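I opened this notebook to keep track of what I looked up in the model, entry by entry. The sequence and the structure come first, and my notes follow.

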Amino acid sequence: MKQLHNGERIHLVDNKARQYALTLKAGEIFQYSGETIPHDELIGKADGSVVTLSRGKRMLALRPTLGEYVLKMPRGAQVIYPKDLAMITIWADVYPGARVFEAGTGSGGLTMALLRAVGDRGSVVSYEAREDFAKTAMKNIERYLGPVPNLTARQQDASEGIEPEEEAGGFDRVVLDLPEPWRIVPHAARALRSGGLYLSFVPTVPQVMQTVEALERATVFGMIETFETLLRTWNIKGRSVRPDHRMVAHSGFITVARKVEPGLLAARAAEVEAAPGHDSDAEEQDEENAA
Ligand SMILES: C[S@@+](CC[C@H](N)C(=O)[O-])C[C@H]1O[C@@H](n2cnc3c(N)ncnc32)[C@H](O)[C@@H]1O
């Protein structure tokens with residue numbers, strides 16, 4: 001539907017591109033910097049309309065994109081930034097029809113990105129340890145996506161394991177955004193189908209180290225990779241063409257791994273480690289130079 005409707009979450013955007021979230025409710029009034037506009041004047045307007053407030057200020061009335069919605073929705077836990085949502089869905093290769101296990105649900109930001117990526121034919125099972133966060137997440141998700149019959153949301157500690165009936169179906173993807181993903185790795189190793197993808201997101205280097213060690217210990221993961229995403233926006237105004245002064249310089253590290261038959265990659269790593277005078281950094285440099 002292209003018209004903004006009663007009950008919907010919308011954003012009003014000022015001329016500096018600052019966004020203000022509100023839920024449209026017939027009879028209510030939106031207030032901004034001493035100016036007002038009745039919600040009734042917004043309901044029925046086309047998505048993207050310019051609206052005028054009581055003292056003449058003009059704003060855009062928009063249905064938010066998922067990335068915009070996530071940044072403004074009520075939060076229990078810290079949400080994942082849109083730049084990371086974008087990377088996670090592609091690097092975990094979340095495809096239409098996929099069956100995904102996620103933990104923790106947090107405020108539901110990543111859950112929504114996963115639900116959109118798997119589509120109606122796929123499904124997401126999401127565990128969240130905290131009851132209050134689980135409730136906030138469901139409200140956020142349903143307000144944006146409507147009813148989500150293909151989401152199974154459980155208030156459950158994922159480190160205690162995945163429910164047998166859920167694990168039995170096998171997962172195509174496991175996506176984790178919680179502080180101790182290494183505690184879930186053994187469960188992921190069992191629940192993922194062969195060829196399936198594991199992805200976790202953590203903010204600090206010690207967490208990455210523990211995660212990668214757990215993946216290596218599990219022996220069924222190969223092609224383990226860790227990276228971060230830096231997104232730098234630019235100011236393009238007349239001759240002032242330069243990077244913006246401010247950016248989100250750090251959010252977290254993404255670690256991806258593939259569930260594979262053990263053997264090939266582990267054997268190669270053991271050969272390299274055992275080589276006399278082995279220096280893995282120097283060896284990698286030599287390989288890159290040769291390529
Ligand atoms: C950073 S937040 C996740 C944010 C979420 N990705 C989003 O976009 O809204 C981490 C969440 O993991 C939950 N959590 C921590 N350990 C957990 C566990 N073992 N099992 C399930 N949830 C857990 C926390 O309660 C918190 O809500």
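How many Å separate the centres of domain 1 and domain 2, taken over C-alpha atoms? I found 33 Å between these two centres. I note at the outset that this is a predicted model, in which local features need pLDDT of at least 70 and side-chain atom pairs count only at pLDDT 80 or more, whereas totals for chains, interfaces and linings use all residues. Residues are numbered from 1 along each chain as its sequence is written.

Entry on the domains. I took the bounds from the assignment, automatic or from a database, which gives domain 1 as 9–64 and domain 2 as 69–267. Five residues from domain 1 and four residues from domain 2 make the contact, where two residues count as in contact if their C-beta atoms, placed from the backbone, lie within 7 Å. On the side of domain 1 that touches domain 2, β1 (9–13) and β2 (19–23) each supply at least two residues; I took strands as DSSP runs of E, at least two residues long, and helices as runs of H or I, at least four, numbered from the N terminus.

Entry on the sheet. I traced an open sheet of four strands in the order β2-β1-β6-β5, with antiparallel pairing, pairing being called when DSSP finds at least two bridges between two strands. Its edge strands are β2 and β5 (49–52), each of which pairs on one side only, and the twist averages 35° from one strand to the next. Between β1 and β2 I noted five bridges, and Arg9 stands opposite Thr23 in β2.

Entry on α3. In this helix (residues 82–91) I found Asp84, Leu85, Met87, Ile88 and Thr89 buried, that is, with 20 or more other C-beta atoms within 10 Å of their own, C-beta atoms being placed from the backbone. Their cover includes α2 (66–72), α4 (109–118), β10 (171–176), β11 (192–202) and β15 (253–259). Just after α3, Asp93 takes a positive phi of about 50°.

Entry on the ligand. I looked up its surroundings and found 22 residues, the closest being Ala77, Gly104, Gly106, Ser107 and Gly109, with a residue taken as near if its C-beta atom, placed from the backbone, lies within 6 Å. Both α4 and β8 (123–128) supply at least two residues each to this shell.

Entry on the whole chain. I recorded 10 helices and 15 strands, and a C-alpha trace spanning about 80 × 55 × 30 Å along its principal axes. Of the 291 residues, 32% count as buried.

Technical notes:
Buried ≥ 20, exposed ≤ 12 C-beta atoms within 10 Å, placed from the backbone. Axes fitted to C-alpha atoms, helices over the stretch in contact; angles between N-to-C directions.
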